[in-house]
Every structure is written in C-alpha cells, then in structure tokens.
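Hi everyone, thanks for coming.

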Amino acid sequence: MKILNALLGAVAAVSLFAASANAQGYPERTITMVVPFSAGGPTDTVARLVAESMSKDLGQQIIVENVGGAGGTLGAGRVAQADPDGYTLLLHHIGMATSATLYRKLAYDTLNAFEYVGLVTEVPMTIVARKDFEPTDLKGLIDYAKANKDTVTVANAGIGAASHLCGMMFMSAIETQLTTVPYKGTGPAMTDLLGGQVDIMCDQTTNTTKQIQGGTIKAYAVTSPKRLKIFPDLPTAEEAGLQGFQVGIWHGIYAPKGTPAEVTDRLSKSLQKALKDENVAARFGELGTEPSSEADATPAALKAKLESEIARWKPVIEAAGQYAD
C-alpha cells in the first residue's frame, strides 16, 4: 500500500509539474474563443474586437467560434467540458448570470464550472421602436403600452438573450405584461423591427447605434446611469421618468475549471492590455460603450460580478415566471 501511495503521489507530482511547465510556455498554438451566440450579433462584435488585440499580445491567434443555441448555454456547456489548458475560452454576457435561474436543469454549475479571466465591457441598452410607432417619448410609450397591452409586441433575440432580459425588466418596471416575440438571434429581431412587423425592442447599443443614427428606428431612452456621448440628446430611462431602470449588459471571459492560474493570469494581463488598445477603445466608443477598467479586467472582479448578478436577477426571473426549460 505504501508503494502504491508513493507511485500515485509521484504521478500527481509529475502531472502538476507538466501542467506548470505547459503554463509557463503558454500559449504555443491557436486559442479558440467561444461566443455562445450567432455571428454578427453584439456579443460577437465585442469578442472579435478583443480577440484581435489579445492575439497580438499573446503571439498566437485567437479565433472566434460561434456556438449558439439555448440562450447561450450550449456554448457555455461546451467550454465547461473542454480541456482546462487555456486553449478554449468563453466570452459570455449577462446571460451567464441569468441562465442560473432561467434554466432549472443546466448541464454545468454556473459559478463553479469555470475559471475567471476578467470583465470586458458593460454595454448600455436602448429602448427603441419601429420608426413609425405612435409614441414620441418614453412616458408616451409607457402610457401607450399600458393602454394597448394586448396588441403591443416586444421583440427579442430569444430566451436568455440581452434583449429578452431587458424587455422582461421593462415590463416588470411598468407593471404591464406585453406580447413578446422571440427570434433566433438579434439580426432577425432587428430586421422585423425595421420592417415594422414588431413594435418595440430593448437591445444593446452595439446592435442599435447605426439604426438610431440612420433614423431607421425610433429611440426613447438609454438604460445607463448617465447619457452617452454618442447620443447626447437621448435621455436616460430615469430622466425620462422610469425611476430605477438601469440595465447594463456586461461581458466577461472564462476558461474551463482547472485551468492553471498562470494561464488565467496571463490571459487577464493580455485582456487588460487589449482594453487599453486605442483601436479597441475607439471602436467601443462608436458602439456606445467603454472598455472595462484594469481593476475590473481581473478574475476576482469577474467572479464577484457574476455572483452579485445571479442574486440580482433571480427574483426578477422568478417573479416573471418565465423559464427556458
């Protein structure tokens, strides 16, 4: 028995040494960053900007792979089961927190199936409508929605998507249940809003900025604490009369549980450098958002954010009674 224990201990020591040695040489090949949503969507846009800059710093390419479906849980589940070697990462948004309640039978433990790299950005939301929708301001929209709750339609990109979460919180805030129209992605939802097939949507500035600037949709408010530089004339939801309504769609980078700390630290440092990249900052600015601070682009900050957001959204989802399974 002593010999067996000694052998097992030796094997464990060799494995630990090998993992440490591999981590020190990291990265030695291409890294895959999984985005659990369709290509061209707002989260995909954020991922590709960051991946390009991090690739330069790491000296290895980070390719973005879109693994959509089930509100982002398919892609997250894939990363949870990947080898913990730092070559498969996940860039996910606020849905990482809400899925813990939306999906009552997840294939992974949201808090404990991943290692944390850091926060990337927090994207404001915009409350928008088809360009010929009758209400002219947010107060008018709320009054109209309450008076016509059986006919007003709210588009979203599917259960668990940012637009679904924001729409759900909007209906909760105005205490009025409207007809929701889920789509398979942000693109189709925006297409039908542009075409007038649906009335309103609450979505990220990364997806609505060009349409607002082009006048192809009507904007009522932003959900950030203060007005955005890109839309100085667009009031915040609070300014427009919806007290306490603030929704930000934050994004973070994760790795499979068991990924060596040396690797996640290296990735976190690379992320911090990428978020200081002038091109990344400029492109984020064009999309109505800002890079996370160096203090937030850390494993500890992302973990704390995820824990607090799970606690925040749990009662909202349970009160709405909308589950994905």
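This is a predicted model: local features need pLDDT of at least 70, side-chain atom pairs count only at pLDDT 80 or more; totals for chains, interfaces and linings use all residues.

**A walk through the inside**

Let's begin with the largest cavity: β7 gives the largest share of its lining, 3 residues. Residues are numbered from 1 along each chain as its sequence is written, and side-chain values use heavy atoms, with hydrogens and water left out.

Now some terms. Picture a 1 Å grid over the protein atoms alone: a cavity is a set of points where a 1.4 Å probe fits but cannot get out, while a pocket is an open set with protein on both sides within 12 Å along at least five of seven lines. Lining residues have an atom within 4 Å of a point. Grid points are joined across faces, edges and corners, and a volume is the space filled by probe spheres set on the points.

The structure holds 1 cavity of 30 Å³ or more, and the space in the largest cavity is about 40 Å³. Its lining is made by I127, V128, V154, G167, F170, I200, M201 and C202. Two or more of these residues come from each of β4, α6 and β7. By type, the lining has 7 nonpolar residues, 1 polar and no charged. Here Ala, Val, Leu, Ile, Met, Phe, Trp, Tyr, Cys and Pro count as nonpolar, Asp, Glu, Lys and Arg as charged, and the others, Gly among them, as polar.

Next, the open spaces. How big is the volume of the largest pocket? About 670 Å³. Among its 27 lining residues, E122, P124, L228, T289 and E290 are the closest to the centre. β4 (114-130) gives the most to this lining, with 5 residues, and its residues divide into 9 nonpolar, 10 polar and 8 charged.

The second largest pocket has a volume of about 360 Å³. It is lined by 28 residues, and F37, G71, A157, A161 and G185 lie nearest its centre. Here α2 gives the most, with 3 residues. The lining of this second pocket holds 11 nonpolar, 14 polar and 3 charged residues.

Let's turn to the cores. In soluble globular proteins, nonpolar side chains tend to be buried together. Buried means under 20% relative accessible area, exposed over 50%, and partly exposed in between, with a 1.4 Å probe and protein chains only. A nonpolar core is a set of buried Ala, Val, Leu, Ile, Met, Phe, Trp, Tyr and Cys residues joined through side-chain atoms within 4.5 Å.

In the largest core there are 51 residues, and F114, L138, F170, I200, F245 and Y254 touch the most other members. The largest share of this core, 7 residues, comes from α6. Apart from it lies another core of 31 residues, including V35, Y87, L91 and L267.

L267 brings us to helix α9, where L267 is one of the buried residues. The helix covers residues 261-274 and reaches 20 Å from its first C-alpha to its last, close to the 20 Å expected at 1.5 Å a residue; the expected span is 1.5 Å times one less than the number of residues.

Q272 also sits in α9. Why does Q272 count as buried? Because its relative accessibility is 9%. Leaving aside neighbours within four places in sequence, Q272 is in contact (heavy atoms within 4.5 Å) with E294, A297 and T298.

T259 counts as buried because its relative accessible area is 4%. With neighbours within four places left aside, T259 is in contact with P84, D85, G86, E115 and T264. T259 and Y87 are 172 residues apart in sequence but 9.5 Å apart in space, C-alpha to C-alpha.

My last stop is Y183, in the loop between β6 (179-182) and α7 (186-194). Y183 is buried too, with a relative accessible area of 16%.

Technical notes. Helices (H or I, at least four residues) and strands (E, at least two) are DSSP runs, numbered from the N terminus.
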